[in-house]
Structure formats: C-alpha cells, structure tokens
Amino acid sequence: MTHVVHRRHDPALGEFALRTLDPEGDAGLLHRWVTHPKSAFWLMQDADVDRVAREYRGIADHPHHDAYLGLWRGEPTFLAERYDPARVELVGLHPAQPGDVGMHFLCAPTDRPVHGFTRAVITTVLDWLFADPAIRRVVVEPDVRNTAVHALNAAVGFTVVGPIRKPEKDALLSVCTRDQFLAATRGDVPA
C-alpha cells in the first residue's frame, strides 16, 4: 500500500506530492521513464520491466535507500530517491557528515515540457528532505556531462565540491545545506 509522505504547493505550478513507491505496481511506469532516451544519465536504457521491478524492490528492501513516486496535480510525473551517502553510493568517495542525505531525482520524459517544472520538482524534493530536522546537507553526484542538472542544482543552492570517479560514471559531487536551499529558493539570508 502506498501513502503520501510529503506535499508542497508551488506558487506557479500548483500541487506536488511524494508517495511511497510500489516496486512491482509502478514498474511499468518507471520502465517507460528510465529507458527513455532523455533518461540516459539514469543508466537503465537496456532494462526490461522485470529488471526495473527488481532494482526498485532492492531499494525498497534496503535499510539505507528509499524511492518515492512524485505526483503533480495527482498524476505520476517524477521519481525521487534518498540514501545515506555514508552507506550507499558514496562510500569512500565523500567525507560524510552527520545529517547528510543523498538524493536522486528523475522527471518523467515528456513531449510537452512545462516551463519551470523541473525546478519545481527539485524544490519539492529538497523541501521534503529538509522537512526532517535531522537532515543538515543534501548530497548529489550527477554525471559530469549533465550540465543541465548542474545549473539546476546551483539554482536551488548546491555548491560544487568537485569531480569524483564512481564505478559507473564520472560524477560532480555537490552539497546543499538547509540555509543555502532557503536562500536560493525563498530569498532568505543564511543564518
């Protein structure tokens, strides 16, 4: 059974929400998203539906990694993952600090892009993560070639730590504190 874990009203685009992911029930939808040519940086281009279901079942069963389906106006439109970078993805590659959380997100490929949608999605995901008072920093490691997401990350408060080599890609490690996020998205001055 899935349930909503976070809601956010975007002033321009309306209601966004995150709900728990059903690895088997959502596999067909996720398969269409992760195998689409626009999702090349997700590294699942050749996956079949069963592999997608297994991948997300593994995430659901992992004690330090979670996946959520994102909704816009009640319809599935993005995917978000959170993980403990001291135990998943960045072990030995990142000087983890207490309060760090790793994040991935993927917007559903569309032929009808909506201006500001991707920024509203990442803002929703960060708003959800920082709603947990134990979270002090969000850590991301997108592919170094993904210049669009680097610009988006900077727009919501991320600062670049530097390049790192992961087994599957060369990545650009970046971090965002709560104050950086608030300053970038709400015009607040960091304390």
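Student: How do helices H3 and H5 pack, and how far apart are their axes?
Tutor: In this predicted model, helix H3 (residues 117-130) packs against helix H5 (residues 178-186) at an angle of about 145°, and their axes are 11 Å apart. H3 passes H5 in a left-handed crossing.

Student: Which residues make that contact?
Tutor: H3 brings Arg119, Thr123, Leu126, Asp127 and Phe130. From H5 come Arg178, Phe181, Ala184, Thr185 and Arg186.

Student: And what does the contact of H3 with H5 look like by class?
Tutor: It has four nonpolar, two polar and four charged residues.

Student: Okay, switching to pockets. What volume does the second largest pocket have?
Tutor: Its volume is about 190 Å³.

Student: Which residues line the second largest pocket?
Tutor: The lining is made of His64, His65, Asp66, Arg82, Tyr83, Asp84, Asp100, Val101, Trp128, Leu129, Asp132 and Ile135. Strand E3 (65-72), strand E4 (75-83), strand E5 (100-107) and H3 are the elements that each give two or more residues to this lining.

Student: How does the lining of the second largest pocket divide into nonpolar, polar and charged?
Tutor: Five of the lining residues are nonpolar, two are polar and five are charged.

Student: New topic, then: how many aromatic pairs does the structure hold?
Tutor: There are six aromatic pairs.

Student: Why is the pair of phenylalanine 16 and tryptophan 72 stacked?
Tutor: The pair counts as stacked because the ring planes lie at 20°, with the ring centres 6.1 Å apart.

Student: Where do those two sit in the chain?
Tutor: Phenylalanine 16 is in strand E2 (residues 14-20) and tryptophan 72 is in strand E3.

Note on methods:
Residues are numbered from 1 along each chain as its sequence is written. This is a predicted model: local features need pLDDT of at least 70, side-chain atom pairs count only at pLDDT 80 or more; totals for chains, interfaces and linings use all residues. Side-chain values use heavy atoms; hydrogens and water are left out. Axes are lines fitted to C-alpha atoms, for helices over the stretch in contact, and angles run from 0 to 180 degrees between N-to-C directions. Helices (H or I, at least four residues) and strands (E, at least two) are DSSP runs, numbered from the N terminus. A crossing is left-handed if the near helix is turned anticlockwise from the far one by less than a right angle, and right-handed if clockwise. Contact means heavy atoms within 4.5 Å. Ala, Val, Leu, Ile, Met, Phe, Trp, Tyr, Cys and Pro count as nonpolar, Asp, Glu, Lys and Arg as charged, and the others, Gly among them, as polar. On a 1 Å grid over the protein atoms alone, a cavity is a set of points where a 1.4 Å probe fits but cannot get out, and a pocket is an open set with protein on both sides within 12 Å along at least five of seven lines; lining residues have an atom within 4 Å of a point. Grid points are joined across faces, edges and corners, and a volume is the space filled by probe spheres set on the points. Rings of Phe, Tyr and Trp (its six-membered ring) pair if their centres lie within 6.5 Å; planes under 30 degrees apart count as stacked, over 60 as edge-to-face and the rest as tilted.
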